[in-house]
Amino acid sequence: MEMEGWVSMPKVELHAHLNGSVRDSTLLELARVLGEKGVIVFSDVEHVILKNERSLTEVFRLFDLIHILTTDHKIITRITKEVIEDFASENVVYLELRTTPKKNDSIGMSKRSYLEAVLEGIKAVNTVDVAFRPHNADVSNVKSSSLINDTCNGSTRKEIYVRLLLSIDRRESTEAAMETVKLALEMRDLGVVGIDLSGNPIVGEWMTFFPALKFAREQGLYITLHCGEVPNPKEIQAMLDFLPQRIGHACCFEEEEWKRFKSLNIPVEICLTSNIRTNSVRSIEVHHFADLYNSKHPLVICTDDSGVFSTSLSKEYNLAASAFGLGRRGIFQLARNAIEYIFADDEVKRELKEIFNSSEKKLDQ
Ligand SMILES: CNc1ncnc2c1ncn2[C@@H]1O[C@H](COP(=O)(O)O)[C@@H](O)[C@H]1O
Ligand SMILES: [Zn+2]
């Protein structure tokens with residue numbers, strides 16, 4: 001199938017890191033500005049941004065660089081807006097965007113002000129092209145699903161639900177993790193629905209994050225954990241014991257953990273390109289997607305870092321279809337199934353099902 005077929009299909013994205021989803025063109029523009037100010041050497045940075053093959057270690061070095069480029073409230077607002085518009089433009093109808101609130105005293109940034117800049121970006125989404133469906137049902141710009149095919153100024157207007165997950169970075173202390181959870185609770189009415197644990201998987205100990213994650217769960221926040229990106233049986237066991245609502249990756253499980261994970265039926269966010277690029281999985285042919293799909297384990301295809309890995313959700317759907325022999329219907333059904341695993345209430349799920357039902361009719365045309 002042509003790429004256009006995947007682009008026009010409604011999609012659900014549940015695993016996308018804000019700073020990993022920034023367009024290359026924006027990163028290069030930001031790098032040029034910092035180069036002119038003498039903060040960085042542009043030519044050194046340019047090839048790092050444009051490089052395609054990266055090990056896991058190099059990916060985390062790149063994130064440190066991206067974070068230097070995006071250190072500013074205004075830039076955080078801009079990238080949030082652009083990332084949402086990019087997902088909306090490829091017909092992602094529900095997006096859970098995750099980001100790590102950052103503190104940087106030298107520019108007067110607190111975790112709260114960082115998050116406010118993100119929320120500002122959501123508000124700034126260009127409403128000519130994208131109807132943002134906010135968290136509060138009574139906000140006046142909630143649009144009916146019929147808008148999907150309305151045209152505005154000649155372009156098709158898209159609709160997208162956006163929810164936020166706040167990430168705890170594995171470099172952080174228990175106190176810093178707790179601060180993130182408290183912030184999530186404070187900002188709940190503004191679209192923050194859950195907590196993610198991410199960052200370099202070879203850094204940090206489960207017990208450091210456990211108190212904050214436990215507190216988050218007690219307070220009713222949803223939890224998703226990066227789990228098994230590298231082999232670490234003790235941590236994988238502890239994570240499965242915790243029973244998060246979802247996990248990301250599940251690449252490096254040993255047989256026992258794999259069996260237990262499958263019997264627990266925990267939905268998993270699958271990021272094919274990311275897993276291959278970072279070498280968490282040797283090749284697409286041996287990816288655990290096939291096993292999960294064949295045993296009907298709950299799974300959702302996601303991008304992880306569409307900027308860093310030069311991908312998009314449409315490309316990931318296309319890759320899954322060709323690598324595992326799934327047709328248009330098979331992929332559509334996976335996207336529709338993902339509605340059950342989103343961190344939102346029944347009303348949102350109902351609306352999303354309607355969107356999928358109405359586009360199902362066009363599937364065979
Ligand atoms: C490739 N696999 C991955 N494994 C683990 N954590 C990852 C990741 N990809 C991204 N992140 C996490 O997301 C941050 C960037 O977005 P934010 O600054 O939060 O918006 C990275 O610094 C890392 O902590
Ligand atoms: Zn991730």
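What follows covers aromatic pairs, charges over rings and salt bridges.

Keep in mind that this is a predicted model.

**Rings**

Let's begin with the aromatic side chains: searching the whole structure turns up 12 aromatic pairs. Take Tyr 94 and Tyr 161, whose ring centres are 6.3 Å apart with planes at 45 degrees, so this pair is tilted. The two come from distant parts of the chain: Tyr 94 is in strand β2 (residues 92-99) and Tyr 161 in strand β6 (residues 158-169), 67 residues apart. Tyr 94 is buried, because its relative accessibility is 0%. Tyr 161 is buried too, with a relative accessible area of 5%.

Now look at Phe 253 and Trp 258. Their planes sit at 85 degrees and their centres 6.0 Å apart, which means the pair is edge-to-face. Phe 253 has 13% relative accessibility and so counts as buried, and Trp 258 is buried at 14%, under the 20% limit.

Some rings gather in a group: Trp 206, Phe 210 and Phe 242 are joined into a cluster by ring pairs.

**Charges over rings**

Rings also meet charged side chains here. Lys 11 lies over the face of Tyr 317, 5.9 Å from the ring centre. Arg 246 has its charged end over the ring of Phe 343, at 3.8 Å from the centre.

**Salt bridges**

| Salt bridge | N to O distance |
|---|---|
| Glu 82 and Arg 78 | 2.9 Å |
| Glu 186 and Arg 112 | 2.8 Å |
| Arg 171 and Asp 169 | 3.2 Å |

Glu 82 and Arg 78 share helix α5 (residues 73-89), where they are four residues apart, about one turn of the helix. Glu 82 is buried at 11% relative accessibility, while Arg 78 is partly exposed at 26%. Both also belong to a network of salt bridges that links Arg 23, Glu 29, Arg 78, Glu 82 and Asp 86.

Glu 186 is partly exposed, with a relative accessible area of 47%, and Arg 112 is partly exposed at 37%.

Note on methods: Residues are numbered from 1 along each chain as its sequence is written. Chains are lettered from A and ligands numbered from 1 in the order in which they are written. This is a predicted model: local features need pLDDT of at least 70, side-chain atom pairs count only at pLDDT 80 or more; totals for chains, interfaces and linings use all residues. Side-chain values use heavy atoms; hydrogens and water are left out. Rings of Phe, Tyr and Trp (its six-membered ring) pair if their centres lie within 6.5 Å; planes under 30 degrees apart count as stacked, over 60 as edge-to-face and the rest as tilted. Buried means under 20% relative accessible area, exposed over 50%, partly exposed in between (1.4 Å probe, protein chains only). A charge sits over a ring if NZ of Lys or CZ of Arg is within 6 Å of the ring centre and within 35 degrees of the ring normal. A salt bridge is a side-chain nitrogen of Lys or Arg within 4 Å of a carboxyl oxygen of Asp or Glu.
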